[in-house]
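Have the picture ready, and we'll go through it in questions and answers.

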Amino acid sequence: MVSSPHETMHHFFRKETAMMVRNFQRLFHLPFPEVRDIAVLNTDLTEVTPVERRVDTLMRVDTDEGNYLFAYESQGKRDDSKRGSWAYYLAYLYAKYGIEPVLIVLTQSRSTARWAAQPIRLGLREWPSLMVRPLVLGPDNVPRITDEKQAMEDPSLAAFSAIVHGRGKDAAAILEPLAAALRTIEGDSAGMLAQFVDTGLVNPQAKQIWRA
């Protein structure tokens, strides 16, 4: 059961990773090869030493041009301790699996998105030994889907759009087309997306609109 907006952001992508990959080029303006398979992996990155480190969601994505690990982090606010954690995650994942890791940060906050997108450079200024450049999904690059036809074309993306933009004044303009779109798809899928949106919305007024 989804328990909070933070949990919703990354749990959404456990269920809807295909949607994110399908929209990879659109959201990040980056090409991505055709996907062959997607698998959920154990998120525990703890070593023998008693320091617990856990990524929010970890997916293996196999494509026609190679395999990747997608490490999802849901970030509600700036947290400078993450700079060390994210560098550790990527180095550990590459050492453990031998597969290229990709860090994707999910946020509903513009200021948090700007902070998270800043490169993390470790080493000499002119020659860093390690550089971390998260891909960030937030209000500035997730489209506002306010058109019913567009919501019907991709209900999963419309649901994620509603979660990301649900804080704003135009929550109703996003939620009403989404509700119409969910009525056109299979019941279990619609119910799952409806639950994710209900739990992911942090604005009480937006949540009330959605439940109505």
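Q: What makes helix H7 (residues 155-165) largely enclosed by the rest of the structure?
A: 11 of the 11 residues of H7 are buried, so the helix is largely enclosed. Buried means under 20% relative accessible area, exposed means over 50%, and partly exposed is in between (1.4 Å probe, protein chains only). A helix here is a DSSP run of H or I with at least four residues, a strand is a run of E with at least two, and both are numbered from the N terminus.

Before we go on: this is a predicted model, where local features need pLDDT of at least 70, side-chain atom pairs count only at pLDDT 80 or more, and totals for chains, interfaces and linings use all residues. Residues are numbered from 1 along each chain as its sequence is written, and side-chain values use heavy atoms, with hydrogens and water left out.

Q: Why is isoleucine 163 called buried?
A: Its relative accessibility is 1%, so isoleucine 163 counts as buried. You'll find isoleucine 163 in helix H7.

Q: Why is alanine 39 called partly exposed?
A: Alanine 39 has a relative accessible area of 29%, so it gets the label partly exposed. This residue lies in strand S1 (residues 35-41). Alanine 39 and arginine 60 are 21 residues apart in sequence, and their C-alpha atoms are 5.1 Å apart.

Q: What makes H8 and H9 roughly antiparallel?
A: The axes of helix H8 (residues 171-182) and helix H9 (residues 187-200) come within 10 Å and cross at roughly 160°. Axes are lines fitted to C-alpha atoms, for helices over the stretch in contact, and angles run from 0 to 180 degrees between N-to-C directions. Under 35 degrees counts as roughly parallel, over 145 as roughly antiparallel, 65 to 115 as roughly perpendicular, and the rest as oblique. H8 and H9 are therefore roughly antiparallel.

Q: Why are H7 and H8 called roughly antiparallel?
A: Their axes come within 10 Å and cross at roughly 155°. H7 and H8 are therefore roughly antiparallel to each other.

Q: How do you know that H8 and H10 are roughly parallel?
A: H8 and helix H10 (residues 204-211) pack at an angle of about 30°, with axes 10 Å apart. That's why H8 and H10 are called roughly parallel.

Q: What makes seven residues in the lining of the largest pocket nonpolar?
A: Ala, Val, Leu, Ile, Met, Phe, Trp, Tyr, Cys and Pro count as nonpolar, Asp, Glu, Lys and Arg as charged, and the others, Gly among them, as polar. The lining includes Phe28, Pro134 and Leu135, and by class it has seven nonpolar, two polar and three charged residues. Strand S7 gives the largest share of this lining, three residues.

Notes
On a 1 Å grid over the protein atoms alone, a cavity is a set of points where a 1.4 Å probe fits but cannot get out, and a pocket is an open set with protein on both sides within 12 Å along at least five of seven lines; lining residues have an atom within 4 Å of a point.
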